[in-house]
Amino acid sequence: MNKTPTKNEYSMTEKEKRDFKIKIATFRQDAKLSARQLSLRLEMADGYINRLEMQNSHLPSFEVFMMIIKACGVTAEQFFYHDRQHYESDMKILKIFHELLDENRDHFIALFEDLLK
């Protein structure tokens, strides 16, 4: 039996909203875009991103969010990845791991476990 979610089950806490907006600002800055430049790239009012980053209650729609991260040159996976600093190297390791033959995966895991000791 599926439970129908209540309206509030998908809402963000104030801290989650703040963290989300900080991530938008961080990726925007990494892309060397001012808030105004990003707003104009999105064909929004020139103060849109500034208001988005500063106001507590305002969040972008999903479509606008996707436009923001695309304009900043990142994917949704990069945006939501738990460790922004190590995303690239983690993805390289994962790619190598996926290319290994099954019998070599255990050796790879053992090597990393030894490095942690």
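**Salt bridges, pair by pair**

Modeller: K117 and D114 form a salt bridge in which the closest N and O atoms are 3.4 Å apart, the term standing for a side-chain nitrogen of Lys or Arg within 4 Å of a carboxyl oxygen of Asp or Glu. The model is a predicted one, in which local features need pLDDT of at least 70 and side-chain atom pairs count only at pLDDT 80 or more, while totals for chains, interfaces and linings use all residues. Residues are numbered from 1 along each chain as its sequence is written, and side-chain values use heavy atoms, with hydrogens and water left out.

K117 counts as exposed because its relative accessibility is 80%, whereas D114, at 48%, counts as partly exposed; buried means under 20% relative accessible area, exposed over 50%, and partly exposed in between, with a 1.4 Å probe and protein chains only.

The whole structure holds seven salt bridges, and another of them joins R84 to D30, with the closest N and O atoms 2.5 Å apart. R84 lies in the loop between α5 (76–80) and α6 (87–99) and D30 in helix α1, so this pair ties together parts that are 54 residues apart in sequence; helices here are DSSP runs of H or I with at least four residues, numbered from the N terminus. R84 is partly exposed at 33% relative accessibility, and D30 is partly exposed at 43%.

R36 also forms a salt bridge, with D46, where the closest N and O atoms are 3.7 Å apart. This pair links distant parts of the chain, R36 being in helix α2 and D46 in the loop between α2 and α3, 10 residues apart.

How values were computed. Helix = DSSP H or I, 4+ residues; strand = E, 2+ residues; numbered from the N terminus.
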